[in-house]
Amino acid sequence: MGADTFFLQLDAPRARVQRSRQLLLERFPAGVEERELGAGVQFIVYFPDPAALAAAKKSLAGTLGLRAVHTRSNWQQAWTQHLTPQLLSSKLLVVPVDKAPPPSRTTSKQIYLLRRAAFGFGEHVTTRLVARALERELAEKSEQMVLDVGTGTGGLCIAAARLGAAGCLGIDIDQPSVRVAKANAALNRLAARCKFSCQPLHRVKRRFDLVLANLDRVTLLALAPELARVLNAEGKLLVSGILDETRPELDAAFKSHALKRVERASEDGWTLLGYQRR
């Protein structure tokens with residue numbers, strides 16, 4: 001994100017979260033950020049320029065009581081300074097940092113992530129859903145090879161390594177995110193077990209024991225055949241980033257690629273689905 005950042009902000013009380021989320025995702029399926037905010041949820045929608053922001057504000061005026069905010073400062077960088085440690089799972093704590101901690105402070109429970117991006121610090125429920133499922137899978141059988149599709153800044157890859165995975169490949173089409181992911185792996189002294197690449201999924205040739213995809217519904221549906229292809233015969237696919245009501249659509253898509261649903265977990269309207277070969 002450059003210095004100019006344009007966004008709409010909605011602070012929704014808990015009673016209106018479901019309706020607000022549904023409307024925003026319908027209109028902006030790939031651009032809604034969600035954060036816990038006391039007794040409610042804060043939604044942020046980003047735009048490339050003031051004109052796009054103004055048009056969105058006009059179209060939503062009076063519908064949800066959106067509070068429009070736009071700034072020419074690096075708002076995302078400022079926001080990261082207020083990040084606090086987040087419990088990712090029962091065994092993992094995400095700690096935002098500005099520089100590498102001394103070796104004496106590094107523990108098997110902590111994941112250190114640089115404050116270079118506004119996303120990926122475990123603040124969203126879908127990240128925590130995947131991390132908990134990952135923890136269960138690796139507790140049953142460690143030393144698995146993991147693929148994280150849409151890895152962002154690498155938090156789930158690093159979590160997999162912390163939980164005992166033999167190795168993890170994280171892929172993302174966003175080059176700045178991949179650069180930060182590599183720095184985060186080095187920060188946690190896990191660069192040897194966490195590799196990152198900008199290669200698209202269709203170019204990944206090997207198969208994996210665990211495949212993670214914390215993405216939006218449209219992207220998951222588009223990637224369904226490739227996600228099935230890179231899964232080992234006895235492997236497991238964990239997908240999230242989707243609302244509860246989208247489950248039938250995802251089940252049908254993966255069923256057409258010989259996968260059956262074997263797991264489901266939900267929280268605050270979001271869901272995680274686990275699939276294996278039929």
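Predicted model: local features only at pLDDT ≥ 70, side-chain atom pairs only at ≥ 80, totals over all residues.
**View 1. C194 counts as buried, at 3% relative accessibility.** Buried here stands for a relative accessible area under 20%, exposed for over 50%, and partly exposed for anything in between, with a 1.4 Å probe and protein chains only. C194 takes part in no disulfide (a pair of cysteine sulfur atoms within 2.5 Å). Residues are numbered from 1 along each chain as its sequence is written, and side-chain values use heavy atoms, with hydrogens and water left out.

**View 2. C157 and C168 form a disulfide.** A search of the whole structure finds one disulfide, and the sulfur atoms of C157 and C168 are 2.5 Å apart. The pair ties together distant parts of the chain, eleven residues apart: C157 belongs to helix α5 (residues 155-162) and C168 to strand β9. Helices (H or I, at least four residues) and strands (E, at least two) are DSSP runs, numbered from the N terminus. The torsion about the S-S bond is about -65°, so the disulfide is left-handed. C157 is buried at a relative accessible area of 0%, and C168 is buried too, at 3%. For C194, the nearest cysteine sulfur is that of C157, 5.5 Å away.

**View 3. Seven strands make up an open sheet with mixed pairing.** Follow the order β10-β9-β8-β11-β12-β14-β13 across the sheet. Two strands pair if DSSP finds at least two bridges between them. β10 (194-197) and β13 (259-267) are the edge strands, each with a single partner, so one side of each has no neighbour in the sheet. From one strand to the next, the twist averages 15°.

**View 4. Q144 sits in the loop between α4 (125-140) and β8 (145-149).** With a relative accessible area of 7%, Q144 is buried. Contact means heavy atoms within 4.5 Å. Setting aside neighbours within four places in sequence, Q144 is in contact with E137 and L138, with A165, A166 and G167, and with D209 and L210.

**View 5. Helices α7 (residues 217-229) and α8 have axes that come within 9 Å and cross at roughly 20°.** Axes are lines fitted to C-alpha atoms, for helices over the stretch in contact, and angles run from 0 to 180 degrees between N-to-C directions. α7 and α8 are therefore roughly parallel to each other; angles under 35 degrees count as roughly parallel, over 145 as roughly antiparallel, 65 to 115 as roughly perpendicular and the rest as oblique. The contact involves R217, L220, L221, A224 and L227 on α7, together with E249, L250, A253 and F254 on α8.

**View 6. A253 lies in helix α8 (residues 247-255).** Its relative accessible area is 16%, and A253 is therefore buried. Not counting residues up to four places away in sequence, A253 touches L221 and A224. A253 and A224 are 29 residues apart in sequence, yet 6.7 Å apart in space, C-alpha to C-alpha.
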